[in-house]
Amino acid sequence: MLAAACGADDSADPAGGEQPPALGIRNLSKPLPNILCSGQPTEEQFDKLERAGVTHVLHLRTKGEQGTGWEEARANRADVLFERLEIAGADGLTRENVEAFAEKLAAYKGGTVLVSCGSSNRVGAMFALKAAWLDGASKEEAMALGKRAGMTRLASKVEALLDG
């Protein structure tokens, strides 16, 4: 499940994924079916997730980062399953973390998952590494998926890891 549907469909965005719901969350994308990727949602945006069909949130920010740490309590009120997998920037792009990321994604059955971090850069990097290391995607396919999922500044680090 590496390629998102694209073509003349009105729901496709120029980056190759489907149009995500209008939630106002920074860098929100839908690179794969039932997967939304984004930057950090606000508390008000978080409250809209359930109405948008989001049943799970996988958050990649560390608890010590500014502006995060409130999501667990908010998820309980919003009836959304929330998990945190702490990925500490470029140093967190390890095989062990990618395997944990893949396990968490595989455990979500039904509904839509929002994978988020500060800007969606880590999210895209993790999707790219998972695609290449675990799903058998080519480097080009993996990088394209990573970019659809929000990878920007970590692209050169991911390329180096894939070449490595």
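Helix H4 (residues 121-133) packs against helix H5 (residues 139-148) at an angle of about 155°, and their axes lie 7 Å apart. Axes are lines fitted to C-alpha atoms, for helices over the stretch in contact, and angles run from 0 to 180 degrees between N-to-C directions. H4 and H5 are therefore roughly antiparallel to each other (angles under 35 degrees count as roughly parallel, over 145 as roughly antiparallel, 65 to 115 as roughly perpendicular and the rest as oblique). On the H4 side, Gly124, Phe127, Ala128, Ala131 and Ala132 make the contact, and on the H5 side Ala142, Leu145 and Gly146 do so; contact means heavy atoms within 4.5 Å. By class, this contact of H4 with H5 has 6 nonpolar, 2 polar and no charged residues.

The model is predicted: local features need pLDDT of at least 70, side-chain atom pairs count only at pLDDT 80 or more, and totals for chains, interfaces and linings use all residues. Residues are numbered from 1 along each chain as its sequence is written, and side-chain values use heavy atoms, with hydrogens and water left out.

H5 also meets helix H6 (residues 155-163), where the axes come within 11 Å and cross at roughly 155°. H5 and H6 are therefore roughly antiparallel to each other. Lys139, Ala142, Met143 and Lys147 of H5 meet Ala155, Val158, Glu159, Leu162 and Asp163 of H6. The residues of this contact divide into 5 nonpolar, no polar and 4 charged.

Side chains of opposite charge can pair when their charged atoms come close. The structure holds 11 salt bridges, a salt bridge being a side-chain nitrogen of Lys or Arg within 4 Å of a carboxyl oxygen of Asp or Glu. The table lists some of them.

| Salt bridge | N to O distance |
|---|---|
| Aspartate 47 and arginine 74 | 2.7 Å |
| Arginine 122 and glutamate 65 | 2.7 Å |
| Lysine 139 and aspartate 163 | 2.9 Å |

Lysine 139 belongs to H5 and aspartate 163 to H6, 24 residues apart. Lysine 139 is partly exposed at 26% relative accessibility, while aspartate 163 is exposed, with a relative accessible area of 54% (buried means under 20% relative accessible area, exposed over 50%, partly exposed in between, with a 1.4 Å probe and protein chains only).

Arginine 122 lies in helix H4 and glutamate 65 in the loop between strand S3 (54-59) and H2, so the pair ties together parts that are 57 residues apart in sequence. Arginine 122 counts as buried at 11% relative accessibility.

Glu43, Asp47 and Arg74 are linked in a network of salt bridges.

Methods
Helices (H or I, at least four residues) and strands (E, at least two) are DSSP runs, numbered from the N terminus. Ala, Val, Leu, Ile, Met, Phe, Trp, Tyr, Cys and Pro count as nonpolar, Asp, Glu, Lys and Arg as charged, and the others, Gly among them, as polar.
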